[in-house]
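Reader: I'm new to reading structures. Please pick one loop, look at it closely, and then go on from there.

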Amino acid sequence: MMNRSPLSFAAMLLACSLSLAALPATAQDAPDLHIHLSPAAPDAQGYIRSLDVAIRIEGLAPDAQVEMPVRRHTVPTSADMLSALAFSDAKGVLAVTAGDEGGDGDDANRARHWRPSRPVEGALTVAYRVTIDPAQPLFSLPQYELRTRNGVLSGAGLSFLMLPDDEIARDTDIDWHFAATDRARRGISSLGIGNVQSGRPQTAQDLQSSYFMAGTPHAWEKGTFFAAWDGDFAFDGKEIMGWAARLQDFYGDFFRQRPDHFGVFARVNETNPGSGIGLTDSFAFTFDDTMEPDALKGLLAHEMLHAWVNSLDGKMNEPDGFASSWFGEGLAVHYQRLLPFRAGLISRQDFLDDLNSTAGRYYTNVMIGTPNDDIGAGFWRDTRIRVLPYDRGSLYFAETDAAIRDASGGERSLDDIVREMLAERASGQPMDLALWERLLHRELGDAGIARFHAMLAGATVLPPSDAFGPCFRRTTQPMRRFDLGFDPASLLTQDRRVTGLKPGSNAEKAGLREGDRILNRFSQDGLQGRQDGVLDLEIERGSKHLSISYQPRGEEVTAYQWQTQPCPE
């Protein structure tokens, strides 16, 4: 793609927008939404530095406005990287005013709205260019942001799409355009590979929660399942995606619901490998060249669950959303080992290893008693709080499953409740906290509700010994708490200097000192579940650059674990 001046680019986009606005409407029940995406050709370093976007939106109210997040779940988007914006409708060029709404802190969601200066007539078309900075630092955050490397760009729709600020579902098509010389390049989205039309109408939230990847990514597909990834795994990527396709098919049978298609997206992030985000009929995750196949299988199983279970309706995007993550994340962890085990896709030992990693992290967590109402405030500030909805939630569901089986004489289980909740959502009814409590009370009465509220208040969860079947039993063993050896808030400051160094801690014994500046970034969530895990720090002390390694462990406590025992005949 040739370089263009801002003036000539604006003229091109305006012409494109007027042309799209002139397209005839399709006679369908739902209005149409057309997304035209044109990535720049990669430069000599393999960076795709811009993406041209034109979006045509039907079915808008006269006072409609469009929006793009500026920050979502702590992640900055491309809202400040737009140029040559052009708006038009059936009457021609349309002037707009822009304004931001939402909180001011880095943890607060914020959105930018564009309001037309007059009522919109007919379809609205907006066109613009998104600049992509290849030098932006890697994040230990959800991987929404638009990013480029290796001749590929990738990111979630919320990071770069300007979409209507309404809840109308629209028939959506995505049209990729590459320069004539870019024959080897392609575009892939959560809707499918290449130019696609949605099998069902999409809301703006559906499209914000979709993923996009373009350039020369690896790709694999079988039936309605497809995968795309940027970078190279340390093993056969197509083989692991074949495993994921078989599991996705099993999930469809188990939950008795099948999406029209399902996509998996992956990109390299050496700072935060193993992070995943659930998306519309898809999910995305990060990896590096040290990730093992078994670890990736657990990640795939977890994130794939969100395509069915997701979260309670209306909760995760609210200010107190993380207080309800016990449900979506807890069920995902509960089923990420249970369903692959039932499907014969992991071994008994794999199941046990995953269970004990969760149990070990939970029962050694010094923040174990944190109430769910306090999860949101600490979610991005303290990894020990961030993992609680996953660990506590999964063990609570195991405890509840055992209680339902016992109360029903083995006739019913947690599976029945989950399927019933999903059926309610599919029928258009809310899948919310009230539904959960109603079904829970039906199965376990007042005692079940009391136990549920105790869990929310921070009471320790303990499934019975046989909660995972007669081939496993509960035991105890000494384990050590996760402990950085210094104040975790040190990692949140701009300078990242060590404060609150604990005398006698492993960090101090390894040579870390108060005031040392930590240069590298690292993921703590997975490290908490590995008793023998080692933390490698790159330190600046005055003019010296030092490397320090130690096990981030402290006080020894007694923790619950499970072990195998002979299965009954």
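Author: First, a definition: helices (H or I, at least four residues) and strands (E, at least two) are DSSP runs, numbered from the N terminus. Our loop lies between α4 (293–305) and α5, and N310 is found in it. The model is predicted, so local features need pLDDT of at least 70 and side-chain atom pairs count only at pLDDT 80 or more, while totals for chains, interfaces and linings use all residues. Residues are numbered from 1 along each chain as its sequence is written, and side-chain values use heavy atoms, with hydrogens and water left out.

Look at the backbone of N310. Its phi is positive, about 55°, although N310 is not a glycine. N310 is partly exposed, at 41% relative accessible area. The scale runs like this: buried is under 20%, exposed is over 50%, and partly exposed is in between, using a 1.4 Å probe and protein chains only.

R256 also has a positive phi, about 60°, and is not a glycine either. R256 sits in the loop between α3 (237–255) and β20 (262–268). With a relative accessible area of 64%, R256 is exposed.

Now return to α5. Helix α5 (residues 325–342) packs with helix α6 (residues 348–363) at an angle of about 170°, and their axes are 9 Å apart. Axes are lines fitted to C-alpha atoms, for helices over the stretch in contact, and angles run from 0 to 180 degrees between N-to-C directions. Angles under 35 degrees are roughly parallel, over 145 roughly antiparallel, 65 to 115 roughly perpendicular, and the rest oblique. So α5 and α6 are roughly antiparallel.

Which residues in α5 and α6 meet? From α5 come V333, Q336, R337, L338 and F341, and from α6 come R348, F351, D354, L355 and T358. Contact means heavy atoms within 4.5 Å. Five of these residues are nonpolar, two polar and three charged. Here Ala, Val, Leu, Ile, Met, Phe, Trp, Tyr, Cys and Pro count as nonpolar, Asp, Glu, Lys and Arg as charged, and the others, Gly among them, as polar.

Next comes D415 in helix α10 (residues 414–426). D415 is buried, at 7% relative accessible area. Its side chain makes a polar contact with the side chain of R342, at 2.9 Å. A polar contact is a pair of N or O atoms within 3.5 Å; within protein, one must be able to donate a hydrogen and the other to accept it, and residues adjacent in sequence count only if both atoms are side-chain atoms. Apart from residues up to four places away in sequence, D415 touches F254, Y335, R342 and R405.

T286 is in strand β22 (residues 282–287). T286 is buried too, at 0% relative accessibility. Its side chain reaches the backbone oxygen of N272 at 2.6 Å.

Last, the disulfide. A disulfide is a pair of cysteine sulfur atoms within 2.5 Å, and the structure holds one. It joins C471 to C567, with 1.9 Å from S to S. C471 is in the loop between α11 (433–456) and β23 (472–482) and C567 in the segment after β27 (553–564), so the link ties together parts 96 residues apart in sequence. The link is right-handed, with 135° about the S-S bond. C471 is buried at 17% relative accessible area, whereas C567 is partly exposed at 29%.
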